[in-house]
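Here are some friendly notes to read with the structure open beside you. Take the points in order, and try to find each residue as you go.

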Amino acid sequence: MSALLAVSRAIDRLNEFVGRNVAWLIFLAVVVSAGNAIVRKVFNQSSNAWLELQWFLFGGAFMLAAAYTLQQNEHIRIDIVYGAFSRRVQHWIDLLGHLFFLMPFVLLMCFYFVPYVSLSYRSGEGSPSAGGLIQWPGKLILLVGFLLLAIQGVSEIIKKIAVMRGDIPDPNPPLSIEEIAEQEVAMAEARND
């Protein structure tokens, strides 16, 4: 189990690095969007390439940060139902959800995206819009995002099994409403300092 946990830590480090750094794509998308709006309003000019670049940047941030979001346990779930169960049952729900829903989906997406990206690259697929960008970089971002999500799914499965076996402490212990409020106050105070 220690070798698997080492693999899990390496995957977590990779996705944390990627997740924290793709935040800059949002900033770049805002700059591109603002620049495009200013040029359109002031000079009455526009470019499909700039619009598509904006979409690629937003899509890239979303797809490349999905694995980091999973690692941080920030994906949306129905907490009203999930929270009603004991922590042991929650671990089983997470493990079975990763094994039977997340992994088949992301592996299927990876399987289908490889030829999709390859064909787009080999054909030099261009935008259907006049003056738009080539399409394979955007498709490659989708493939990389699903690959990162797949390996993060493996990491989460390893960690979930280790927690259930008692090999590691629960990385996301359940918190009471008061504890959550205290954490939020502490984070707000840290930001203000």
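1. Where does His98 lie? Look along helix H5, and you will find His98 there. Please keep in mind from the start that this is a predicted model. His98 counts as buried because its relative accessibility is 12%, and the cut-off for buried is under 20%. Leaving aside residues up to four places away in sequence, His98 touches Leu70, Met103, Pro104, Glu156 and Ile157.

2. Now step back to the whole protein chain. It has seven helices and zero strands, so if you read from the N terminus on, the elements run α-α-α-α-α-α-α. Of its 193 residues, 31% count as buried.

3. What about the overall dimensions? The C-alpha trace spans about 60 × 45 × 30 Å along its principal axes. The radius of gyration of the protein chain is 21 Å, whereas a compact globule of 193 residues would have one near 16 Å.

4. Contacts come next. Among contacts in the protein chain with a separation of 6 or more, 75% are between residues 24 or more positions apart.

5. Which residues touch the most other members of the largest nonpolar core? They are Val106, Phe146 and Leu149, in a core of 21 residues. Helix H3 (48-71), helix H5 (87-123) and helix H6 (136-165) are the elements that each give two or more residues to this core. H5 gives the most, with seven residues. As background, nonpolar side chains tend to be buried together in soluble globular proteins.

6. Not counting residues up to four places away in sequence, Phe146 touches Met63, Phe105, Val106, Met109, Cys110 and Phe113. Val106, one of these partners, is also named with Phe146 among the residues that touch the most other core members.

7. Is Ile168 in a helix or a loop? Ile168 lies in the loop between H6 and helix H7 (177-192). Ile168 counts as partly exposed because its relative accessible area is 24%, which falls between the cut-offs of 20% and 50%. Beyond residues up to four places away in sequence, Ile168 touches Leu5, Lys159, Ala162 and Val163. From Ile168 to Phe27 the distance is 37 Å, C-alpha to C-alpha, and the two are 141 residues apart in sequence.

8. Most residues other than glycine have a negative phi. Asn44, however, has a positive phi near 55 degrees, and Asn73 has a positive phi of about 60 degrees. Asn44 lies in the loop between helix H2 (23-43) and H3, while Asn73 lies in the loop between H3 and helix H4 (79-82). Asn44 counts as exposed because its relative accessibility is 70%, over the 50% cut-off. Asn73, with a relative accessible area of 28%, is partly exposed.

Terms used
Residues numbered from 1 in each chain as written. Predicted model: local features only at pLDDT ≥ 70, side-chain atom pairs only at ≥ 80, totals over all residues. Heavy atoms only, no water. Helix = DSSP H or I, 4+ residues; strand = E, 2+ residues; numbered from the N terminus. Rg over C-alpha atoms; globule rule 2.2 N^0.38 Å. Buried < 20%, exposed > 50% of the residue type's maximum accessible area, 1.4 Å probe, protein only. Contact = heavy atoms within 4.5 Å. Core = buried A, V, L, I, M, F, W, Y, C linked by side-chain atoms within 4.5 Å.
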